[in-house]
Amino acid sequence: MHCLFCQHVDTRVIDSRVSDDGATIRRRRVCEACGERFSTLETIELKLPVIIKSDGRREAFDARKLRAGFDRALQKRPVAEEQIEAAVRAVVHQLRRTTERELSSIRVGEFVMGELRKLDHVGYVRFASVYRAFQDVADFRDELDRLESDNSGDEQLPLLGGGDDPLPSATRKR
């Protein structure tokens, strides 16, 4: 590696440490020519697939767009920031696991819906309504019915007035 100070072509590693999360290595270096010391960070470079949009355009994967999609779906929902970050990481992990160089945005959307379904049913339905281009209330109802039948034993509250009333009688409108 070139020296940052004198541009000499030879530097020597004098110390290496793995970061707490294990994702990077910090290397302390010294220049053989001028004696200056500096640190470098070494990280794994993983190539994520190119995303093929519905109109056929190809676009590099952008984790900020992925996060923005989660944020829109979960806006004003009681979901912790750590849970959202974990869901974004899970989608990126799924993208890495695919060995394909190109992936349709439809597949990415399916990954996102899978994670949203685990996190928050309302956020899931919000995302699904845009992703699947719901045309009317019947589309919402069909998705809600499918969601409730798939998650009958789940710990989340029912979406449409089924089961026990979660509100105490004092807070219910009369």
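The structure is a predicted model, and its pLDDT averages 84 over the protein. The largest pocket holds about 660 Å³ of space, and 22 residues line it.

**Model confidence**
- A pLDDT of at least 70 is reached by 86% of the residues.
- Residues 163-174 have a pLDDT below 50.

**Largest pocket**
- The volume of the largest pocket is about 660 Å³.
- Among its 22 lining residues, Lys53, Lys65, Gly69, Arg72 and Phe127 are the closest to the pocket centre.
- Three helices each contribute at least two residues to the lining: H1 (63-73), H3 (105-119) and H4 (121-131).
- Helix H1 provides the largest share of the lining, with six residues.
- Sorted by class, the lining comprises 12 nonpolar, six charged and four polar residues.

**Glu143**
- Glu143 belongs to helix H5, which spans residues 137-150.
- The relative accessibility of Glu143 is 1%; Glu143 is therefore classed as buried, since that class takes in residues under 20%.
- Leaving aside residues up to four places away in sequence, Glu143 is in contact with Tyr124, Ala128, Arg132 and Phe134.

How values were computed
Residues are numbered from 1 along each chain as its sequence is written. This is a predicted model: local features need pLDDT of at least 70, side-chain atom pairs count only at pLDDT 80 or more; totals for chains, interfaces and linings use all residues. Side-chain values use heavy atoms; hydrogens and water are left out. On a 1 Å grid over the protein atoms alone, a cavity is a set of points where a 1.4 Å probe fits but cannot get out, and a pocket is an open set with protein on both sides within 12 Å along at least five of seven lines; lining residues have an atom within 4 Å of a point. Grid points are joined across faces, edges and corners, and a volume is the space filled by probe spheres set on the points. Helices (H or I, at least four residues) and strands (E, at least two) are DSSP runs, numbered from the N terminus. Ala, Val, Leu, Ile, Met, Phe, Trp, Tyr, Cys and Pro count as nonpolar, Asp, Glu, Lys and Arg as charged, and the others, Gly among them, as polar. Buried means under 20% relative accessible area, exposed over 50%, partly exposed in between (1.4 Å probe, protein chains only). Contact means heavy atoms within 4.5 Å. pLDDT is the predictor's confidence in each residue, from 0 to 100.
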